[in-house]
Amino acid sequence: MDTADRAHAPVVVAIDGPSGSGKSTVSRAVAARLGLSFLDTGAMYRAMTWWMLANDIDVADPEAVAVACGKPVIVSGTDADGPTITVDGRDVSGPIRGPEVTAQVSAVSAVPAVRARLVELQRGCAGVAERGIVAEGRDMGSVVFPTATVKVFLTASEAARAERRATELRAKGLDEATITAMAADLARRDAADSSRATAPLTQAADAVLVDTSELTLEQVIDRITTLVEQRAGAALSTV
């Protein structure tokens, strides 16, 4: 895409990375600062997993998941100040963060039919975002938005990611045994998502790597916001 075409193209910021890298918090903040929409694609996969469990679908059976994945109506709100996620009209923003969903979301996400359906929804969200969108997940730059204006891959050391997740869980009032179990699950989920055959967690060849291990939240937000402003240029000024 040449400079003239890019100036008139929708602004799409694709932010990928493993659990605990800070991508959700950073993506929302970048979107809010730039006046763009925000898309939490992980919430969409969690919503699909929640529906499967609530409807007694055997999530260990990829064929059963593939057959059922077209049934739920999943709607992702894209307001950075208050993103929402509903399934068949029900707000599931709380239930999808529970341990049962967390334990099964990697398996459901690995089913190609699930990914095909949700990728279509994700691209649809970007298509109607008037001012552009910041989309965070695990295959935004590599699969969903291959021609994104900016691609970022956020990472952090395993120790830093585990400590951040533990801090989040303590803030929610969870006991230490649960915190330890959920923190230990980080490595398992990352391994599963990185090794799956369909759209694995990986850094796109043209993504900018940002290691957040030694950076403050504001430093990360500033770095990515500046990058978007530099890359998007005229496209940002016209939205």
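I started with strands β1 (residues 12-16) and β6 (residues 133-137) of this predicted model. I found 5 bridges joining them, and the two run parallel. Strands here are DSSP runs of E with at least two residues, and helices are runs of H or I with at least four, numbered from the N terminus. Ala14 has Ala135 of β6 as its bridge partner.

I noted the ground rules next. Residue numbers count from 1 along each chain as its sequence is written, and side-chain values use heavy atoms, without hydrogens and water. The model is predicted: local features need pLDDT of at least 70, side-chain atom pairs count only at pLDDT 80 or more, and totals for chains, interfaces and linings use all residues.

I then traced the sheet. It is open, has 5 strands in the order β2-β6-β1-β7-β8, and its pairing is parallel. Pairing takes at least two DSSP bridges between two strands.

Angles run from 0 to 180 degrees between N-to-C directions, with axes fitted to C-alpha atoms, for helices over the stretch in contact. Contact means heavy atoms within 4.5 Å.

Last, I checked α2 (residues 23-34) against α10 (residues 217-232). Their axes come within 9 Å and cross at roughly 50°. The pair is therefore oblique, the class left after under 35 degrees (roughly parallel), over 145 (roughly antiparallel) and 65 to 115 (roughly perpendicular). Among the contact residues are Val26 and Arg33 of α2 and Ile221 and Glu229 of α10.
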